[in-house]
Amino acid sequence: IRKMNNEVDLSFAIDDFDDINHEEITKTLGIIPSRIYTKGQKKNPNSPALSKRNRWIMGSSLDKYASFEEQMNAMLDIIESKIDLFRPFCEKYHCEFLCAIFLRFNNEESKPSVHLNSRYNRVVKELNIEFDVDLIVYPTTNID
């Protein structure tokens, strides 16, 4: 029997664009998005919920069990290396880091921390990126 671990899902989103499409963002940045949402279309095939806005999302490319710090550093590596390509999107559209932390209650694993350092501060100040975090707590379950 093994216990389930905490998870961190960190991504970067460009939202609320109507004058360009997802492919133009992908081509300009040279990055394949991890998810896209198109206004008025289903968020996913198994749900009737429709997306209220256009959204282009880039993942950190790390495993969901990687620490917040590792994932943020991976994201900053990408963004800093292409900061001049990201800047016009961040000036014109809503851009934010999306962080979901999934905690397993009482699972004996240390709880993940969210530490935003000076490197992060420099990038978000320059690009005016917001930060959104959701905490989801589950009861501990055992998996065979």
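## Strand pairing

Strands β2 (residues 7–15) and β4 (residues 55–59) run antiparallel to each other and are joined over 5 bridges; two strands count as paired if DSSP finds at least two bridges between them. Strands here are DSSP runs (E, at least two residues), numbered from the N terminus. Within this pair, F12 stands opposite M58 in β4.

The model is predicted: local features need pLDDT of at least 70, side-chain atom pairs count only at pLDDT 80 or more, and totals for chains, interfaces and linings use all residues. Residues are numbered from 1 along each chain as its sequence is written, and side-chain values use heavy atoms, with hydrogens and water left out.

## The sheet

An open sheet of mixed pairing is formed by 5 strands in the order β3-β4-β2-β5-β6. Its edge strands, β3 (35–37) and β6, each pair on one side only. Strands of a sheet pair through backbone hydrogen bonds, either parallel or antiparallel.

## Cysteines

The count of disulfides (pairs of cysteine sulfur atoms within 2.5 Å) is 0. C90 is in no disulfide, and the nearest cysteine sulfur, that of C95, is 3.6 Å away. C90 is buried at a relative accessible area of 5%, and C95 is buried at 2%; buried means under 20%, exposed over 50%, and partly exposed in between (1.4 Å probe, protein chains only).

## An exposed strand residue

L135 is found in strand β6, which spans residues 130–138. The residue is exposed, with a relative accessible area of 59%.

Conventions: Helix = DSSP H or I, 4+ residues; strand = E, 2+ residues; numbered from the N terminus.
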